[in-house]
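Good morning, colleagues. Please keep the structure in view as I speak.

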Amino acid sequence: MTPAARQAAAIDLLDQWRAGRPLEAALTTWARKSRYAGSKDREAVRDIVFQAVRRARSAAALGGGEGGRAMLLGLARAEGEAPQGWTGETYTPAPLTADEMALFEAPPEPLPRDVALDCPAWLWPQLERDLGADAGATLDLMRDRAPVYLRVNIQKISPEGAIARLAQEEITAIPHPLAETALLITRNPRRLRNSSVFKEGLVELQDLASQAVALDFSRAIPAGAPVLDYCAGGGGKSLALAALGHRVSAHDVSPARMRDIAPRAARAGVQIAELAAPGGDWAAVFADAPCSGSGSWRRAPEAKWSFSPDRLDELTTIQDSILANCAALTAADGVLGYATCSLLRAENEDRIAAFLATHTGWTCLSQRRIGPLDGGDGFFLAILQRG
């Protein structure tokens with residue numbers, strides 16, 4: 001596919017998204033129907049679509065419309081160069097109209113700050129308050145694709161050994177100081193899943209901040225302690241804690257979300273029990289609670305535009321319930337870790353304050369925020385102890 005043909009495909013996919021179709025569903029259907037598109041074409045179209053959705057507000061403002069064509073024109077205008085090859089022939093977009101050409105004859109006008117930062121209008125005042133002086137830089141960074149991080153399975157290999165093995169397969173990675181298990185892939189990230197390093201369980205895809213949170217929680221509990229991962233999902237934290245030597249049991253209110261844990265654990269060489277209804281007193285309980293995902297919106301950008309005040313209220317109620325449930329499962333002197341991948345105080349510090357106000361005998365040992373400016377996704381961790 002030519003660059004213009006890839007852009008034409010992206011325009012159609014973005015129009016489907018604007019009409020309410022989920023991105024992944026649209027991309028999967030397009031890939032199945034477009035047998036002429038090779039793997040590099042599919043990757044390129046996906047990258048164009050996701051970048052346009054990350055920058056949906058600014059792209060639409062600069063492109064003069066909400067549709068896919070206007071969004072791509074807005075992205076091009078932000079780069080200062082009109083798109084090439086739009087001839088209307090062989091699957092390319094129609095030629096630029098006179099009005100569209102006029103967009104590129106003058107520099108873009110200044111945009112309102114929330115538009116320029118591609119932030120939902122209703123959420124900008126809250127993020128500006130919650131992130132303070134870092135708000136603008138954080139949101140600007142989240143307008144681009146997230147880095148790709150690996151977690152080294154230190155039960156099997158050292159970070160230095162993993163770097164060397166990756167290099168043998170032409171994948172370049174470097175360590176990151178925020179987490180001693182973390183490697184940043186700087187070359188050929190898409191080769192990872194077919195690499196022997198990945199297939200042998202020597203490394204696992206996991207964001208930098210997520211690794212740092214698992215390490216912080218591990219340091220707060222006894223070595224080798226049994227841990228209940230109460231909101232396990234796909235098992236990223238369960239795997240990280242098991243690799244650090246803890247005996248991990250995983251639970252999720254939706255057991256189907258845990259379907260990948262067993263094969264991932266087998267590849268990593270660790271054991272993780274799956275519990276449908278955990279009970280008893282646990283020395284350590286960890287809850288990576290459902291949240292807005294605002295700290296990871298550059299990985300899942302459409303979630304940013306579907307988020308609403310009503311959904312935030314719903315999530316904070318769920319988070320309070322999860323904290324209460326986990327507290328009931330925590331033994332005397334036990335430790336409870338509460339985490340989200342949210343940037344919002346309403347889902348983080350405010351939930352801990354609400355919990356402490358209604359649960360006597362608990363102490364907050366620490367609270368930590370990790371933001372995209374630190375290198376990975378936005379994450380929050382509070383470590384609580386029962387007296």
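I call a residue buried when its relative accessible area is under 20%, exposed when that area is over 50%, and partly exposed in between, computed with a 1.4 Å probe on protein chains only. Before I apply this, two remarks on the source. The model is predicted, so local features need pLDDT of at least 70 and side-chain atom pairs count only at pLDDT 80 or more, while totals for chains, interfaces and linings use all residues. Residues are numbered from 1 along each chain as its sequence is written, and side-chain values use heavy atoms, with hydrogens and water left out.

Let me begin with Pro301, which is buried, with a relative accessible area of 1%. Pro301 belongs to the loop between β8 and α15. Helices here are DSSP runs of H or I with at least four residues, strands are runs of E with at least two, and both are numbered from the N terminus. Which residues does Pro301 touch, leaving aside those up to four places away in sequence? They are Phe50, Val53 and Arg54, where contact means heavy atoms within 4.5 Å. Pro301 and Phe50 are 251 residues apart along the chain, yet a separation of 7.1 Å is found between their C-alpha atoms.

Arg298 is found in the loop between β8 (282–288) and α15 (302–306). Is this arginine, Arg298, buried or exposed? At 2% relative accessibility, Arg298 counts as buried. Not counting residues up to four places away in sequence, the contacts of Arg298 include Arg54, Asp144, Arg145 and Asp377. Among the others are Leu141, Met142, Pro147 and Pro372. By contrast, Arg298 and Asp350, 52 residues apart in sequence, lie 24 Å apart in space, C-alpha to C-alpha.

I turn now to the helices. Helix α2 (residues 23–33) and helix α3 (residues 39–54) have axes that come within 11 Å and cross at roughly 155°. The axes are lines fitted to C-alpha atoms, for helices over the stretch in contact, with angles from 0 to 180 degrees between N-to-C directions. That makes α2 roughly antiparallel to α3, the term applying to angles over 145 degrees, with those under 35 roughly parallel, 65 to 115 roughly perpendicular and the rest oblique. On the α2 side, the contact is made by Leu23, Glu24, Leu27, Trp30 and Ala31. On the α3 side, Asp41, Arg42, Val45, Arg46, Val49, Phe50 and Val53 take part. By class, the contact of α2 with α3 has 8 nonpolar residues, no polar ones and 4 charged. Here Ala, Val, Leu, Ile, Met, Phe, Trp, Tyr, Cys and Pro count as nonpolar, Asp, Glu, Lys and Arg as charged, and the others, Gly among them, as polar.

Why is helix α4 (residues 56–63) described as largely enclosed by the rest of the structure? The reason is that 6 of its 8 residues are buried: Ala56, Ser58, Ala59, Ala60, Leu62 and Gly63. The cover over these buried residues includes α1 (3–18), α3, α5, α6, α7 (113–116) and α15. Just after α4, Gly64 takes a positive phi of about 80°.

Helix α13 (residues 236–243) is likewise described as largely enclosed by the rest of the structure, because 7 of its 8 residues are buried. Among them are Lys237, Ser238 and Leu239. Gly245 follows α13 and has a positive phi, near 100°.

Finally, the aromatic rings. Rings of Phe, Tyr and Trp (its six-membered ring) pair if their centres lie within 6.5 Å; planes under 30 degrees apart are stacked, over 60 edge-to-face and the rest tilted. By this rule there are 6 aromatic pairs. Tyr36 and Tyr91 form a stacked pair, 6.1 Å centre to centre with 15° between the planes. Tyr36 lies in the loop between α2 and α3 and Tyr91 in the loop between α5 (68–79) and α6 (98–103), so the pair ties together parts that are 55 residues apart in sequence. Tyr36 is exposed at 52% relative accessible area, and Tyr91 is exposed at 67%. Phe355 and Trp362 are edge-to-face, because their ring centres are 5.4 Å apart and their planes at 75°. Phe355 is buried at 3% relative accessibility, and Trp362 is buried at 9%. Ring pairs also link Trp122, Trp297 and Phe307 into a cluster.
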